[in-house]
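This report describes one protein model, with attention to its core, its charged pairs, its surface and its backbone.

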Amino acid sequence: MTSPNPEHMSIAEHLGRTARLWRRVANSELEPLGLSYPRWSALWMLCRLGDGISQSELALALEIELGSLMRTLKHLEAQGLITRRCSPEDKRTRTVHVTDSGSELMSRIEARVLRVRKHLLSGIAPEDFDALERVLVTINQNAMDYTATTADDHGTEQ
């Protein structure tokens with residue numbers, strides 16, 4: 001099977017392909033650390049959102065199903081990178097915490113991810129990058145608005 005001709009791809013296809021290629025490059029950089037995309041992205045998001053958030057909040061932030069996240073967290077816990085605890089406020093809620101080993105590994109992950117980012121964004125003028133970021137934020141917001149609107153429309157249809 002041949003690669004798609006980039007000149008004939010839609011914007012959505014370009015966005016999807018770019019995301020897949022970026023993930024592939026990041027994965028190859030992080031694989032030596034024993035981390036798959038689901039593991040390092042969950043750890044990365046946990047560190048960004050702050051220690052002690054609930055599993056469901058983390059799943060929501062990652063835009064994945066809680067069941068998928070649970071498998072990932074089980075692996076991260078087995079690697080000694082996180083711990084899960086019952087919330088003191090609600091025993092049904094489990095919170096996720098980065099261990100010292102997880103924090104140390106995050107420093108290494110961050111250095112590698114930033115190296116990938118620097119390489120992939122090389123040759124892009126700052127003003128072009130700023131424009132790209134504005135466009136992507138707008139597309140994301142439009143998609144969320146559309147999803148909310150169509151969900152409302154579907155709810156009112158009889």
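## Basis of the description

A residue is called buried under 20% relative accessible area, exposed over 50%, and partly exposed in between. The model is predicted.

## Nonpolar surface patch

I139 lies in helix α6. Together with I11, L15 and V135, I139 makes a nonpolar surface patch of about 340 Å². Two helices, α1 and α6 (126–156), each supply at least two residues of the patch.

## Nonpolar core

The largest nonpolar core of the model comprises 25 residues. Those with the most contacts inside this core are L35, W40, L43, L58 and I109. At least two core residues come from each of the following elements: α1 (11–30), α2 (37–49), α3 (55–62), α4 (66–78), β3 (94–98) and α5 (100–120). The most is given by α2, with 6 residues.

Which residues does L58 touch, leaving aside those up to four places away in sequence? The set consists of A42, M45, L46, L49, I53, L69 and L73.

## Helix α2

The buried residues of α2 are W40, S41, A42, L43, W44, M45 and L46. Among them, W40 and L43 are also listed with the residues that have the most contacts inside the core.

The length of α2 can be checked against its residue count. An expected span is 1.5 Å times one less than the number of residues, so the 13 residues of α2 should span 18 Å. The C-alpha atoms at the ends of α2 are 18 Å apart, which agrees with this expectation. Just after α2, G50 adopts a positive phi of about 110°.

## Salt bridges

How many salt bridges does a search of the whole structure find? The search finds 3. In one of these, the side chains of R115 and E29 meet with an N to O distance of 2.2 Å. Because R115 belongs to helix α5 and E29 to helix α1, this pair ties together parts that are 86 residues apart in sequence. R115 is partly exposed, with a relative accessible area of 47%, and E29 also counts as partly exposed, at 21%.

A further salt bridge joins R84 and E77, whose closest N and O atoms are 2.9 Å apart. R84 counts as buried at 16% relative accessibility, whereas E77 is partly exposed, with a relative accessible area of 28%. R92 forms a salt bridge with D90, and here the closest N and O atoms are 3.1 Å apart. In this pair R92 is exposed, with a relative accessible area of 74%, while D90 is partly exposed at 25%.

## Backbone at E63

Most residues other than glycine have a negative phi. E63 is not a glycine, yet it has a positive phi of about 60°. This residue lies in the loop between α3 and α4.

Is E63 buried or exposed? With 71% relative accessibility, E63 counts as exposed, because its value is over 50%.

Methods
Residues numbered from 1 in each chain as written. Predicted model: local features only at pLDDT ≥ 70, side-chain atom pairs only at ≥ 80, totals over all residues. Heavy atoms only, no water. Core = buried A, V, L, I, M, F, W, Y, C linked by side-chain atoms within 4.5 Å. Buried < 20%, exposed > 50% of the residue type's maximum accessible area, 1.4 Å probe, protein only. Helix = DSSP H or I, 4+ residues; strand = E, 2+ residues; numbered from the N terminus. Contact = heavy atoms within 4.5 Å. Salt bridge = Lys/Arg side-chain N within 4 Å of Asp/Glu carboxyl O. Patch = residues over 30% accessible without salt bridge, like charges linked within 9 Å, V, L, I, M, F, W, Y side chains within 5 Å. Areas by Shrake-Rupley, 256 points an atom, 1.4 Å probe, with all protein chains shown as cover.
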